[in-house]
Every structure is written in C-alpha cells, then in structure tokens.
Amino acid sequence: MKKKLAILLVLMTLLTACGSSSSQSNKSGGDTASKGETDSIIIRGIISKTGSVAVYGTSTEQGIQLAVDEINSNGGVGGKQIDYKSEDDRGDATESVTLYSKFVEEGANAILGPITSKPALAVAENSASDGIPILTPTGTMTSITENKDNVFRVCFTDPLQGKILANFAGQKLKAKSVAILNNSSDDYSKGVAEAFKEQAKSLGLEIVAEESYGAQDKDFKAQLTNISSKNPDVLLIPDYYENDVLIASQAKSIGLKSTIIGSDGWDGVLNVVAKGSESDIEGVYFTNHYSIDDKSEKVQNFVKTYKEKYNQDPSSFSALGYDAVYLYKEAFEKAKSMEYADIVEALKSVSIEGVTGNIKFGENNNPIKSAAIIKITDGKYAYDSTVEP
C-alpha cells in the first residue's frame, strides 16, 4: 500500500511540473505546440467593434480580414494558414488589457491592435514582461512605442501629424494666422495640437487663439465665437469624427470663415454627418495615410478588392489594417523561429511596399512617412496633396 502511494505521489509531482513548465513556456514564447508546432500561425486582434470609436474598429478589421483571406488563399505563410480572430474592447483600456491577457494565455503568436491610443498604450505597458509582438495599425500616441522593444505601429504619430498640418497651413494654404481648438481631456488631440503650435511658431505663423473643451462637452459656440472674432486664416480641430462633425456644424451656424484643418480622426466623418448636412464639413482638410485616388497599382488593386468584398470604399483605417497583416507576414517569413524575440527582431528589419506607402520601422519602432492631405468636397473625400514631415 505504501509503495503504491509513493508511486502515485511521484506521478502527481511529474504531472504538476509538466503543467507548470508548459504554462511558463507559453508566456515566454517558448517552444510549445501553440508557439510553432501547429499548422497555423495565431494572430489575435483587439478591435473596437462597439462604442464611440466603432467606425474606426470596423474599418480596420475589414482591412485586416481582407489581407488574411488573401494570404491564406495564396498558400499562407510558409505553408501555414493564419488563424485570425478578434474580440471587442469597446475602445476601453481596461477591456483591452483583459483581452490581451486572454490572448497571451491562449498561445497567440502576435497581437494586432488596439485601435485607439489609450487602449494601445495600456496593452503596450502590460506587454513588457511577455515580449509578445504587438502591432497597432492606428494608435498614434507617441508613448505607445517609446522604450517598448516589442511594440510597433503602422500609422504616423500625433506629433508628426501636427507638424505636417502646420507645414500644410503655411506652405499650401498660405496662412498667416491660425487658431487651435482641441479636446483637453484627450491625449491624441492634445498631442497633435502641441506639435502644430510648435511648428506653426517656427514657420512664423501667428497663433491668434487657443481654445479647448472637455470630454463631455457638446456645445462649442463660446469657444468658436471667440475664435471667429480673431478671424484666423486657419482653424485646427484635431479630434475624432463625432466631435468633429458637431464642431463643424456649430462653426457654420455662427458664420466662422476660417478654413478648418484636422488630423486623421476626421476620417469617417462622412459616415456620421446627418443627411442633408454635408455642407457643414465642406472644404475641410485633414491628414490621412493614403488616398483612394492614388493611381498606383498597389492602391488601386486594394481599393478594387476591398469594394468587391465590402461594397464600400476603404478608409485609411482599412488600409492600415491591411498593411499591418502584410508586415507580420514578412516578419514571420524572415524570423528564425516563432519565438516572440525572433518575430520582434524580424519586424525591425521588415520593409514592404504597402498601400499606405513604403514602410520600414525607425526609432521607437515608428514608421517615418509622408501624409496625404484629403479635402472634403461635394460630400466626398478627395485627394489634395502629399506633405512631408
């Protein structure tokens, strides 16, 4: 009896040790079945599908899925299919971190997302101990990738957008005076505004008004009235589309004459502007990552296949999601193994011709690239020009 009990205890100890080893190996990107011995490569997406930024998430997800379907139908990556699934973080940082932890435990080889900056930063900070490769297609806040070896982005940063917009205002629009209206509770909005202000000053532009509003504000007429009284040539509004359309409508109602310019958060505004009110946003310029009017074969093939699949034009978020998958594909093919560290190292040396431009990662895993300027004309997005940083 004692002999049988001793044997049983030994077996239980061995099983416990095996289980502990497997769990630790998963977290470190170890050599487990879920990390490379299967017939698929596991990518998981943290995507905003509901909530205030759902338009961005849905658009990005459609670009991601288009790329995954293309790659899988053409033989996958080294003969392996991409196993892609995503879940909804509702644009909430806490939910993003919860999903991140779930996906790491499930054995994901890489993460796509989150979509907006605060959730992306929260996930990036929580990934330090795991080292899993994270690629946000659209998170623009500078701190997302700063001092985080495993975190990358496809889009340009907030400061880069601000600098580009100031260059555009001074050089293309020939503005002499500018005003700023930004969301004081949003790091994205503040980041673009600060960089714009700094670059505008260096170009000799006069900043005649600086106004702000809070997260819950819906009435902007006081700020707009003050700005209008200074009669600036250009008004910068760097925010997401829901606030953008409200501000533009109220600006028109008070008779503001300034040319409105904005950051990439304006992309998608045509989806939320009230029918019959398209004139409220007529003539607005905003930075974007690409234009469907670009005549390159790469862009036109993407636009064609996207419209065939989804029956709508692809936004810049769609294009960034699409490019993100192809960046991962290139990294997986270059990586020595499916260890996290090897994938991260391969990503650093990847260079692709993407829909949103030629992409290669530089300092802090950020791409340095030009921006397309889009003008809203007759209820449509129209390519205006390309501006360098």
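Predicted model: local features only at pLDDT ≥ 70, side-chain atom pairs only at ≥ 80, totals over all residues.
Student: In what order do the strands of the five-stranded open sheet lie, and which are its edge strands?

Tutor: The five strands are paired in parallel, in the order E2-E1-E3-E4-E5. From one strand to the next, the twist averages 25°. Pairing on one side only marks the edge strands, which are E2 (81-88) and E5 (151-153).

Student: Which residue of E5 stands opposite Thr136?

Tutor: Strand E4 (residues 134-136) pairs with E5 in the parallel sense, and three bridges join them. Opposite Thr136, the residue in E5 is Arg153.

Student: Is helix H4 (residues 117-126) largely enclosed or largely open, and what covers its buried residues?

Tutor: Helix H4 is largely enclosed by the rest of the structure, because seven of its 10 residues are buried. The buried residues are Ser117, Pro119, Ala120, Leu121, Ala122, Val123 and Ala124. Their cover includes E1, H3, E4 and E5.

Student: How are helices H2 (residues 54-73) and H10 (residues 316-334) oriented to each other: roughly parallel, roughly perpendicular or oblique?

Tutor: Two packed helices are described by the angle between their axes and the distance between the axes. For H2 and H10, the angle is about 40° and the axes are 7 Å apart. An angle under 35 degrees would count as roughly parallel, and the range for roughly perpendicular is 65 to 115. The orientation of H2 to H10 is therefore oblique.

Student: What is the handedness of the crossing of H2 and H10, and how many residues of each class make the contact?

Tutor: The crossing is right-handed. On the side of H2, the contact is made by residues including Tyr56, Gly63, Ile64 and Glu70, while H10 contributes, among others, Phe317, Gly321, Tyr322 and Lys329. By class, the contact has 10 nonpolar, five polar and two charged residues.

Student: What is the strand order of the seven-stranded open sheet, and which strands form its edges?

Tutor: The order is E7-E6-E8-E9-E10-E13-E14, and the pairing is mixed. With direction ignored, neighbouring strands are turned by 25° against each other on average. The edge strands, each of which pairs on one side only, are E7 (206-213) and E14 (380-387).

Student: Which helix packs on this sheet, touching E6, E7 and E8, and what angle does its direction make with that of E7?

Tutor: The helix is H7 (residues 221-230), which touches E6, E7 and E8. Between its direction and that of E7, the angle is about 175°.

Student: Which residue of E8 stands opposite Val178?

Tutor: Val178 is located in strand E6 (residues 177-183). This strand and E8 (residues 234-236) are paired in the parallel sense over three bridges. The residue of E8 opposite Val178 is Val234.

How values were computed
Residues numbered from 1 in each chain as written. Heavy atoms only, no water. Helix = DSSP H or I, 4+ residues; strand = E, 2+ residues; numbered from the N terminus. Axes fitted to C-alpha atoms, helices over the stretch in contact; angles between N-to-C directions. Parallel < 35°, antiparallel > 145°, perpendicular 65-115°, else oblique. Left-handed = near helix turned anticlockwise from the far one by under 90°. Contact = heavy atoms within 4.5 Å. Nonpolar A, V, L, I, M, F, W, Y, C, P; charged D, E, K, R; others polar. Pairing = 2+ DSSP bridges. Buried < 20%, exposed > 50% of the residue type's maximum accessible area, 1.4 Å probe, protein only.
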